[in-house]
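Here is a short report on a single protein chain. Please read it beside the coordinates.

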Amino acid sequence: GNGLRLRPTGQSQSALDTYLAPSSFSNIWEPSVFSNLLGFDPAKGQHTPLLAKSWSQPDPKTYELELRDDVTWHDGEKFSADDVVYTLNYLIDPKVRLRFKPSWAWISSVEKLSPTKVRIAVRTAVPDGLAWLSFGTPIYPRHLHEPLADKQPFGTRPIGTGPYRIVQLDKNSGIVAERYAGFKPGPASPAPAIGRIVAEPIDDPGTLTAAMLADRADVVVDLPVEEALALQNTGRFVV
């Protein structure tokens, strides 16, 4: 497929894990590799299906979600309610220490009603429950994450349900992602148009500029103003 070569400034990370290693790096890559339960349409100002195809709130302290049955993990295993129950229980487990653990303190319990349905009970009614299920709460694969006594290695070989699967993740050489053939697009996550993305960290602005001029990169970020304007003045680039 068609490819995109990125040359960002700064160093990459050696793991992609929103929970154990929250950062701008994980914020950028998480939506491409993992999926939240819901999405959000800013134009309409409403939540949209993602891993959950429908949801309801029978009362202020209860959420019920019907999950999609056509989703697979990047390793081919089928996604199910077990993954949702496991992930949310992991986040609220008192023994699990996370930097932003208070973000899920409103959840009291998670129950599997069927292979495609879960019920979430909350401690107190909150106005932003659906928002938390739409942003920053990616679902992890139970079959891979639960067996790890130390969860750190999971982020070095992340497996999600998103449009891209990671084929290389290295702190120094960067990240390589390929379009996941088994991805099923939906309203909140359209089919990816780019076949392969290579993101290589380069600190030196001069080297970044040279990469663009030599067609070794398609996109660079965080260039100093002078270098960015110089590229724009060639008439070949958009800043």
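## Glu-146 and its partner

Glu-146 is partly exposed, at 39% relative accessibility. Its side chain forms a salt bridge with Arg-142. The closest N and O atoms of that pair are 2.9 Å apart. Arg-142 also counts as partly exposed, at 34% relative accessibility. Both values come from a predicted model.

## Salt bridges across the chain

How many salt bridges does the structure hold? The count is 10. One of them joins Asp-82 and Lys-112, with 3.0 Å from N to O. Asp-82 belongs to helix 2 and Lys-112 to strand 6, so this pair ties together parts that are 30 residues apart in sequence. Asp-82 has a relative accessible area of 27%, which makes it partly exposed. Lys-112 is partly exposed as well, at 39% relative accessibility.

Another salt bridge is formed by Glu-178 and Arg-165. Here the closest N and O atoms are 3.1 Å apart. This pair links distant parts of the chain, with Glu-178 in strand 9 (residues 174-179) and Arg-165 in strand 8 (residues 164-170). The two residues are 13 residues apart. Glu-178 is partly exposed, with a relative accessible area of 22%. Burial is defined as under 20%, so a residue at 22% does not count as buried. Arg-165 has a relative accessible area of 31% and is also partly exposed. Elsewhere, salt bridges that share partners make one network out of Glu-64, Glu-111, Lys-117 and Arg-119.

Four strands build an open sheet in the order 4-5-7-6. The pairing is antiparallel. Which strands sit at the edges? They are strand 4 (52-59) and strand 6, and each pairs on one side only. Neighbouring strands in this sheet are turned against each other by 20° on average, with direction ignored.

Strand 5 (residues 62-67) and strand 7 (residues 117-122) run antiparallel and are joined by five bridges. Glu-64 stands opposite Arg-119 of strand 7. Glu-64 and Arg-119 are also both members of the salt-bridge network. Helix 2 lies across strand 5, strand 6 and strand 7. Its direction is at about 165° to strand 6.

## Two buried loop residues

Ser-35 is placed in the loop between helix 1 (24-33) and strand 2 (38-41). Is Ser-35 buried or exposed? At 6% relative accessibility, Ser-35 counts as buried. Its side chain makes a polar contact of 2.9 Å with the side chain of Thr-161. Leaving out residues up to four places away in sequence, Ser-35 touches Leu-50, Leu-51, Thr-137, Pro-138, Ile-139, Thr-161 and Gly-162.

Val-96 counts as buried, at 15% relative accessibility. Which residues does Val-96 touch, not counting those up to four places away in sequence? They are Tyr-90 and Lys-101. Val-96 and Ile-159 are 63 residues apart in sequence. In space, their C-alpha atoms are 21 Å apart.

## Overall shape and packing

The secondary structure comes to six helices and 11 strands. The C-alpha trace spans about 60 × 40 × 30 Å along its principal axes. For 239 residues, a compact globule would have a radius of gyration near 18 Å. The protein has 20 Å, which agrees.

Of the 239 residues, 42% count as buried. Ser-35 and Val-96 belong to that group, as both count as buried. Among contacts with a separation of 6 or more, 59% involve residues 24 or more positions apart.

Technical notes. Residues numbered from 1 in each chain as written. Predicted model: local features only at pLDDT ≥ 70, side-chain atom pairs only at ≥ 80, totals over all residues. Heavy atoms only, no water. Buried < 20%, exposed > 50% of the residue type's maximum accessible area, 1.4 Å probe, protein only. Contact = heavy atoms within 4.5 Å. Polar contact = N/O pair within 3.5 Å; in protein donor to acceptor, adjacent residues only side chain to side chain. Pairing = 2+ DSSP bridges. Axes fitted to C-alpha atoms, helices over the stretch in contact; angles between N-to-C directions. Salt bridge = Lys/Arg side-chain N within 4 Å of Asp/Glu carboxyl O. Rg over C-alpha atoms; globule rule 2.2 N^0.38 Å.
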